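I opened my notebook to look around one protein chain.

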Amino acid sequence: MITRADKEQEIKLITEKFGKAKGAFIVDFKGIKVEQVTNLRKKLNTAESEMKVVRNTLAKRAFKDHPAIEKAFANSMKGTNAIVFSYGEVNATAKTLADFAKDVEVLQIKSGVMDGEALDDAKIKFLATLPGKDQLRAMFLGTLLASGSALARCLNAYAEKLGGGAASTEEAPQA
């Protein structure tokens with residue numbers, strides 16, 4: 001039996017996790033095998049996330065310190081729930097959950113929250129399709145480098161047209 005002190009400690013732990021997390025998701029894990037849950041936890045760990053199985057009444061009490069989360073998750077706290085806390089990129093966590101839900105259809109993503117805004121099923125699916133921060137940086141750098149490369153090719157083509165080019169830029173031997 002859980003004592004009152006244990007319950008208060010659990011509420012405090014959940015509240016702290018919400019304070020550190022950039023986003024969170026409520027998932028229903030009923031019917032998932034232990035090895036599948038372990039696999040999901042490993043995948044979430046690589047996405048800088050963690051899954052915590054919670055008692056609904058304790059989670060609702062922890063929401064009191066976070067009104068935006070309370071509003072987003074108020075209707076989702078029925079049945080067997082786990083909260084997935086995202087400490088890194090929220091879209092990476094959403095992608096991990098969506099990919100896992102495709103493989104294991106029993107897992108249901110009920111709702112989510114990011115930056116104080118509630119996420120419904122459509123928003124979570126859209127968030128899962130977005131590229132990660134590293135991919136966006138690579139795309140941006142590619143865009144920046146493309147114009148410089150195009151200018152260099154254009155100048156080289158013009159120099160070759162005039163009869164110069166890469167071969168004529170070498171220094172002639174001095175006598």
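**Entry 1: serine 86**

I reminded myself before starting that this is a predicted model. I looked up serine 86 and found it in strand 3, which covers residues 81–86. Is serine 86 buried or exposed? Its relative accessible area is 0%, and buried means under 20%, so I wrote down "buried".

Next I checked what surrounds serine 86. Leaving aside neighbours within four places in sequence, I listed contacts with Ala21, Lys22, Gly23, Glu48, Ser49 and Thr93. With threonine 93, the side chain of serine 86 makes a polar contact, side chain to side chain, at 2.9 Å.

**Entry 2: aromatic rings**

I searched the whole structure for aromatic pairs and got 4. For phenylalanine 18 and phenylalanine 73, I noted ring centres 6.4 Å apart and planes at 45 degrees, so I put the pair down as tilted. Phenylalanine 18 sits in helix 1 (residues 4–20) and phenylalanine 73 in helix 4 (residues 67–73), so this pair links distant parts of the chain, 55 residues apart. I also looked up burial: phenylalanine 18 has 4% relative accessibility and counts as buried, and phenylalanine 73 is buried at 0%.

How are the rings of phenylalanine 18 and phenylalanine 85 arranged? Their centres are 5.0 Å apart and their planes meet at 70 degrees, so I called this pair edge-to-face. Phenylalanine 85 is in strand 3 while phenylalanine 18 is in helix 1, so the pair ties together parts 67 residues apart in sequence. Both of these residues are buried.

**Entry 3: pockets**

I turned to the largest pocket and noted about 250 Å³ of space. Which elements each supply at least two residues of its lining? I found helix 5 (90–103), strand 4 (108–114) and helix 6 (121–129). Among the lining residues I jotted down Lys95, Asp99, Ile109, Asp121 and Thr129. By class, I recorded 5 nonpolar, 2 polar and 5 charged residues.

The second largest pocket has a volume of about 190 Å³. It is lined by 13 residues, and I noted Ala47, Glu89, Asn91, Ala92 and Gly132 as the closest to its centre. Helix 5 gives the most to this lining, with 3 residues. The classes here came out as 5 nonpolar, 5 polar and 3 charged.

Conventions: Residues are numbered from 1 along each chain as its sequence is written. This is a predicted model: local features need pLDDT of at least 70, side-chain atom pairs count only at pLDDT 80 or more; totals for chains, interfaces and linings use all residues. Side-chain values use heavy atoms; hydrogens and water are left out. Helices (H or I, at least four residues) and strands (E, at least two) are DSSP runs, numbered from the N terminus. Buried means under 20% relative accessible area, exposed over 50%, partly exposed in between (1.4 Å probe, protein chains only). A polar contact is a pair of N or O atoms within 3.5 Å; within protein, one must be able to donate a hydrogen and the other to accept it, and residues adjacent in sequence count only if both atoms are side-chain atoms. Contact means heavy atoms within 4.5 Å. Rings of Phe, Tyr and Trp (its six-membered ring) pair if their centres lie within 6.5 Å; planes under 30 degrees apart count as stacked, over 60 as edge-to-face and the rest as tilted. On a 1 Å grid over the protein atoms alone, a cavity is a set of points where a 1.4 Å probe fits but cannot get out, and a pocket is an open set with protein on both sides within 12 Å along at least five of seven lines; lining residues have an atom within 4 Å of a point. Grid points are joined across faces, edges and corners, and a volume is the space filled by probe spheres set on the points. Ala, Val, Leu, Ile, Met, Phe, Trp, Tyr, Cys and Pro count as nonpolar, Asp, Glu, Lys and Arg as charged, and the others, Gly among them, as polar.
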